[in-house]
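My notes follow in the order in which I looked.

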Amino acid sequence: MTTRLADIAAQAGVSEATVSRVLNGKPGVAATTRQSVLAALDVLGYERPVRLRQRSEGLVGLITPELENPIFPALAQVIGQALTRQGYTPVLATQTPGGSTEDELTEMLVDRGVAGIIYVSGLHADTTADMQRYERLRAQGVPFVLVDGFSPKVQAPFISPDDRAAMALAVTHLASLGHTRIGLALGPKRFVPVQRKIEGFVRTVQEQLGLSAETVENELIQHSLYTLEGGQAAAAALMDRDCTAVVCASDMMALGAIRAARQRGLDVPKDVSVVGFDDSPLIAFTDPPLTTVRKPVPAMGQAAVRTLLEEIGGTPAPHSEFVFMPELVVRGSTASAPGDRNRP
């Protein structure tokens, strides 16, 4: 027990006496200190004493797409932790191809009496989907928040990254390196984030490189799937059109783009520059480390929870979109354009 107290105290940066007070439920410990001790317990893998376990305020559903893209588990973790801190129990429901649909997962969560639901990159992002499903959910009295995607037909709070600004950051960076043929690899056109990325890309390429919108749309944009293989196929098509740089709508697609370049005997970044989007966990450790546009996952996840809890508490947030600014992270997958090495 003494060894355990010492371990926890060292991890939390407090005295053993403070740890003892927290574990025994004694008063006189600041809330932040108490939280540090509980976090140290969790990090070291110790079980919390029964009296310290929070009684759940209720279940909150989190519906995400497949978890193969690391950005979705990252977002789920932020949302789950924020809910737990507020006393709620997160229930993760994942859509997989051939598995349960969003509607089936919603019905399952509603049947279990969830206090609310957070949707990540769901049907609300698909411009061809029927938005009546969300109005029916509202009529049932279930609060919900929608992340990544926007529809004016749905009366609910939306949480989004600024996709147009993301493309402006990526294109401006590549243009400053001397690239004049910059391609965009992204998913199917029916999705709102895809449409916004196209808008930002076209506008910035026009401003930076003086190309017409028609040229950009016909020659420099390639739709595919949000997978490594999808990025590989899209990047190959763009390189066939003499692109020396490829902006990808996800980090997974960017890894595919690097593979496509290498299959042609090209070096990244010497011959082709690649920019991703998301800044997924571990992406800084790829070969080369990926230049990417960081999606503000912590801020978006915390805002989604805060907004949902306001809805649950009876003080609904405005039925509008909260847009979060992304950030360019320059690493090793971008460099000066070929033939432009000696430019000052």
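The entries below go from the whole chain to the helix pair and then to the sheet.

Entry 1, ground rules. I am working with a predicted model, in which local features need pLDDT of at least 70 and side-chain atom pairs count only at pLDDT 80 or more, while totals for chains, interfaces and linings use all residues. Residues are numbered from 1 along each chain as its sequence is written, and side-chain values use heavy atoms, with hydrogens and water left out.

The C-alpha trace spans about 70 × 50 × 35 Å along its principal axes. Of the 344 residues, 47% are buried, meaning under 20% relative accessible area with a 1.4 Å probe, protein chains only. I also looked at contacts (heavy atoms within 4.5 Å): among those between residues at least 6 apart in sequence, 69% join residues at least 24 apart.

How do helix 4 and helix 12 pack? The axes of helix 4 (residues 71–85) and helix 12 (residues 297–312) lie 9 Å apart, at an angle of about 45°; axes are lines fitted to C-alpha atoms, for helices over the stretch in contact, and angles run from 0 to 180 degrees between N-to-C directions. That angle makes helix 4 oblique to helix 12, oblique being what remains once angles under 35 degrees (roughly parallel), over 145 (roughly antiparallel) and 65 to 115 (roughly perpendicular) are set aside. Helix 4 contributes I71, A74, L75, V78, I79, A82, L83 and R85 to the contact, and helix 12 contributes V297, P298, G301, Q302, V305 and L309.

I traced an open sheet of six strands in the order 7-6-8-9-10-12, with mixed pairing, where two strands pair if DSSP finds at least two bridges between them. Strand 7 (221–223) and strand 12 (327–329) are the edge strands, each pairing on one side only. Neighbouring strands are turned by 20° against each other on average, direction ignored. Strand 9 (residues 273–278) and strand 10 (residues 291–294) run parallel and are joined by four bridges; D278 has R294 of strand 10 as its bridge partner.

How values were computed
Helices (H or I, at least four residues) and strands (E, at least two) are DSSP runs, numbered from the N terminus. Buried means under 20% relative accessible area, exposed over 50%, partly exposed in between (1.4 Å probe, protein chains only).
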